[in-house]
Amino acid sequence: MKAAQKMEYRLNKTGYLRYLSCPPEFWLEHHEPLLFARPETLEYKHRRQEGYDVEWQVKQLARFRSDEKQSIDFQRVFQTSDLLTRSDVVVTDAATGVVDIYEVKGSSKVKPEHYDDVAFQMCVAERAGAAVGKCYVITLNGDYIRRGDIDNEQLFVITDVTEEVTLRQTEVDKQIKAAFAYLQTIPVPSLADYCAENKLDCRFLQARFSDLPEYTVFDISYLKHDKRRELLQAGVVDITHVPDDFPLSPKQRSQVDAAKSRLETIDRDGIAKRICDWQYPLHFLDYETFAYAVPQFDGIKPFQQMCFQYSLHTIAAPDAEMRHSEYLSRGGDAPPRLLAEHLRQAMTDGIGTVFVWFEGFEKARNSEMAEMFPDLADFFNEVNEKTCDLMKIFADNLYIHPDFKGKTSIKKVLPVLVPELSYTELGIGDGMSATIKWFHAATRKSLTDEERQTIFNDLHEYCKLDTIAMVEIYNVLRRL
């Protein structure tokens with residue numbers, strides 16, 4: 001009996017796009033799939049479900065109804081002996097047999113890589129014998145606001161990309177040949193050849209350089225790629241090995257010097273000047289938000305960061321006892337409206353200074369709620385006017401510590417300044433998990449009441465720690 005013949009490798013769309021973005025990862029996935037594989041994270045599963053939800057809404061569009069003039073195929077496969085692709089929607093003209101290809105993307109605009117995606121589909125479809133007419137990319141309409149049931153016809157924007165993907169066909173042919181040829185090589189691992197998108201998150205580099213220093217030149221804040229590659233080509237990987245005469249910005253040099261000396265640098269006068277501008281009552285505010293391609297609640301746009309929770313610690317006067325206010329939506333019809341009203345009530349005693357961590361995010365949410373609720377616009381505008389970003393103390397290099405590693409997120413600063421507080425013991429310890437688990441608790445009927453309550457309890461503790469953390473960091477700065 002003859003041994004079963006090994007199936008020939010077919011280059012699919014995912015592999016083609018991976019080759020374009022990072023050839024070594026493409027090679028690793030093919031030759032060493034176990035090293036390439038990663039466990040399915042909570043975020044990955046959430047994004048996959050989000051994609052399914054978008055596709056379901058697309059299927060409801062009027063143009064995708066089969067009749068005597070056209071037939072509709074969802075997830076149609078085109079393949080040859082060496083190529084394979086699956087198209088989200090294919091519309092076939094009953095009279096001519098010409099097919100139109102539609103690619104569905106969970107984004108609010110057509111991106112450069114989307115053209116490569118559809119160009120590959122066109123190439124494979126034509127090689128498989130199909131006559132391709134038009135090509136389209138379907139994206140979410142960022143201006144659409146949900147009012148009642150989803151209006152599918154308004155939810156999406158359909159962009160004709162036929163001209164662009166047709167012009168790319170010669171390049172697609174070239175890249176397909178190059179991808180197959182690359183699989184026959186053995187890539188030489190080189191940190192200096194890292195891809196700008198993934199940096200050290202590249203699975204090929206992780207597999208080949210498993211003993212890198214804990215603190216590397218990849219951690220130097222805002223270092224341009226050409227300078228980083230110059231260091232890597234010179235064999236400098238550890239941040240403490242960066243030459244003293246290597247050209248860096250003042251902030252970057254301060255970070256490198258701190259890493260070398262292992263000493264903190266504190267500009268007490270600079271911090272004191274900022275403290276003098278802070279006025280009571282002091283509010284420490286943090287939002288948790290949920291963003292989804294298909295808006296889940298009235299008044300929300302696709303991908304809008306909808307506030308579903310806030311935590312607020314308030315110190316009304318010097319030496320006054322701190323009080324805590326909070327709101328957590330259980331998934332009602334109007335989470336942002338109820339949250340907004342609750343927050344205004346919590347601040348009725350006055351707004352002195354509102355501390356946040358990374359003001360761009362909180363201010364944007366305040367501006368959105370001011371637009372959504374005109375009767376609360378004055379309140380949210382005042383909150384924005386009196387907002388102070390605690391992160392800027394560290395971003396402006398008034399406080400430098402080697403263990404910050406050039407980062408200024410609260411999860412980097414807190415363990416250094418207030419080590420007794422930690423996110424590691426919490427049931428929910430990061431913003432992405434908070435977002436996804438809230439969505440599950442608020443919308444999934446399959447959860448038991450006990451499971452749902454556990455998530456809500458974990459969310460209370462997580463968001464509360466965010467604002468307690470700011471209070472304790474503020475206290476550290478005052479003591480300076």
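Modeller: Happy to! Let's start with burial: F297 is buried, and W438 is buried too. Please keep in mind that this is a predicted model. F297 and W438 form an aromatic pair, with 6.1 Å from centre to centre and 40° between the planes. Because planes under 30 degrees apart count as stacked and those over 60 as edge-to-face, this pair is classed as tilted. The two residues come from distant parts of the chain, 141 residues apart: F297 sits in the loop between β8 (282–290) and β9 (306–315), while W438 belongs to helix α18 (residues 431–443).

W438 has another partner to look at, F308. Here the ring centres are 4.3 Å apart and the planes meet at 10°, so the pair of F308 and W438 is stacked. Since F308 lies in strand β9 and W438 in helix α18, this contact ties together parts that are 130 residues apart in sequence. F308 and W438 are both buried.

For the model as a whole, the count of aromatic pairs comes to 26.

The charged end of K411 is placed over the ring of Y423, at 4.4 Å from the ring centre. Likewise, K59 has its charged end over the ring of F74, 5.2 Å from the centre of that ring.

Conventions
Residues are numbered from 1 along each chain as its sequence is written. This is a predicted model: local features need pLDDT of at least 70, side-chain atom pairs count only at pLDDT 80 or more; totals for chains, interfaces and linings use all residues. Side-chain values use heavy atoms; hydrogens and water are left out. Rings of Phe, Tyr and Trp (its six-membered ring) pair if their centres lie within 6.5 Å; planes under 30 degrees apart count as stacked, over 60 as edge-to-face and the rest as tilted. Helices (H or I, at least four residues) and strands (E, at least two) are DSSP runs, numbered from the N terminus. Buried means under 20% relative accessible area, exposed over 50%, partly exposed in between (1.4 Å probe, protein chains only). A charge sits over a ring if NZ of Lys or CZ of Arg is within 6 Å of the ring centre and within 35 degrees of the ring normal.
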